[in-house]
Amino acid sequence: MSTITGAEAAVRMLQHHGVKHIFGLCGDTSLPFYDALHRLDHGMEHILTRDERSASYMADAYARVSGRVGICEGPSGGGATYILPGVVEANESSVGLVSITSDVPVTARGRYPLTELDQKALFAPLTKWNAVADHVGQIPHLLRTAFRAASTGRPGAAHVGLPYDLQKQSLDASEVWAQIEHGRFPAYRTAPAPDLVAAAAEALIAARRPLFVCGGGVLISGASAELVALAELLDAPVASTVSGHGAIADSHPLAVGVVGANGGTNETRSAVEAADMVVFIGCRAGSTTTEHGEVPGRDIPIVHIDIDPMVVGANYRIEAGLVGDARLCLAALEAEIARRLDGKARHTGAAERLATLRRAKRERFERLARSNDLPIRPERVVAALQAALPRDGILVADPGTPCPYFSGYFDLDATGRRFITNRAHGALGFSLPAAIGASYAAPGSRIVAAMGDGSFGFAVGEIETIVRKRLPITLIVFSNASYGWIKASQKSGYGKRYFSVDFDRSDHAAIAQAFGMRAWRVADPMDLGQTVRAALLHDGPSLIDVMSQPLEESAVPVSRWMG
């Protein structure tokens, strides 16, 4: 019988699942795992990060762009606690991710060793599945289970803990095997029940002005072609959530744009309010998407399609529901409706109505985007990037200023995952490390990470990672010396009683240059366009520090702040 150590088994299990990139940070309890990565010929690249939280955000974005299960790893104790933000973000965003942490020796449990904590209890409420090995022979099985959990049904995050002593013990090498399908998500697609398809088709045909609202599930499923075919058959408008931006090209005549409390505008809200039926696809119909349950109203008939049966009908009473993969559900629904309509597409005048709304939204935006006001308006930054970012470029936006502005006004001229933001929990410091993960998932594509200066402070250390790896990433910092989202909320809801939201302005360009990154600082809006072009054309990583209008003074598309 040939044997293999627990650490070697972990490496081989990742290899057998088709893993190409691992994001992580070293620690004492991870030494056997790192030694196995060094010794074995496995074809994987390990990307050393400067923070475990960053590693999990990198793995999350990598998974969103590539469709492969993202892998992050970290050591015991503080490493296990630091890695949690990206794990829960991926889990709540239905992104396939496996987090591996090392742990104290099994024989040291309860003896107060350094970094001991109950990892299984820690990860339990934040993951789809998690376990900590108790015996070396469990390691292959636990990793197989983690990949299966991450990639099947509703994708999500899984966690495996590897105690230090088990990594050095031996097991039968024949136990090391994998189901390669579980390395990507969705691994297996679930089709909807035919009777439910018929019920949904009947409800949609009865509606005169149906409208689709598409979440991230459409992108995860790769269902854009099926979505467009169904929308064109019914001549129905297609809106998206923030996470679903890219489900339909913004240039399509039936595209509404992003709707909801974050990124939605008066025009996109009007499109939803004009519908006599709303179809939610691959989204939870949560508070942001529905403006806290107000749009659509409770009197509007709802059809809900989702991979998770607990989501369907959770927030709205539904006329019909389909549980299954978005691509298969939409294809089945399109076939059934085409049969009932004898293949004849409807014409409701939806494209003409939407053209009027889009024109009004675009004209208002362009007036502000042409402004020479000081400090520089965020609209001007969006317009400059819209003009310069290549077609295959990917935009990663932090919460605060970037998320609503780019959700609301940045047009994606093709379908697919070209816009990434962390909408599940909205933690600051996401976009900078997430851009690194996106860059490894789409090598050669220009990646832009847009962030406020508050977010920059969370993740500045990963600039060293970008420079070390020579990644084609451009960072755009909206510099207004405050936690703008909270300050805007204090203005709107608390009588402008600003408290503990302002900090001193940093020279972000100088900081980037100290790390070895090419950087510019822009205060004059007339200089912005040429600077953005120069940064994107630069052969290497770059940063633009934009002296930006404070969020609380801007015309940000957030419903509770708009007039």
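Me: Is Phe-280 buried or exposed?
Reply: Phe-280 counts as buried, because its relative accessibility is 1%. Buried means under 20% relative accessible area, exposed over 50%, and partly exposed in between, with a 1.4 Å probe and protein chains only.

Me: What kind of model is this?
Reply: This is a predicted model: local features need pLDDT of at least 70, side-chain atom pairs count only at pLDDT 80 or more, and totals for chains, interfaces and linings use all residues. Residues are numbered from 1 along each chain as its sequence is written, and side-chain values use heavy atoms, leaving out hydrogens and water.

Me: Back to Phe-280. Which ring does it pair with?
Reply: Tyr-316. The ring centres are 5.7 Å apart and the planes are at 40°, so the pair is tilted. Rings of Phe, Tyr and Trp (its six-membered ring) pair if their centres lie within 6.5 Å; planes under 30 degrees apart are stacked, over 60 edge-to-face, the rest tilted.

Me: Which residues form a ring cluster?
Reply: Phe-23, Tyr-62 and Tyr-440, linked by ring pairs.

Me: New topic. Which charge lies over Trp-177?
Reply: Arg-144 does, at 3.9 Å from the ring centre. Lys-487 has its charged end over the ring of Tyr-498, 5.0 Å from the centre. The rule asks for NZ of Lys or CZ of Arg within 6 Å of the ring centre and within 35 degrees of the ring normal.

Me: Which residues touch the most others in the largest nonpolar core?
Reply: Leu-14, Leu-475 and Leu-543, in a core of 83 residues. A nonpolar core is a set of buried Ala, Val, Leu, Ile, Met, Phe, Trp, Tyr and Cys residues joined through side-chain atoms within 4.5 Å.

Me: How many helices and strands does the protein chain have?
Reply: The protein chain has 22 helices and 20 strands.

Conventions:
Helix = DSSP H or I, 4+ residues; strand = E, 2+ residues; numbered from the N terminus.
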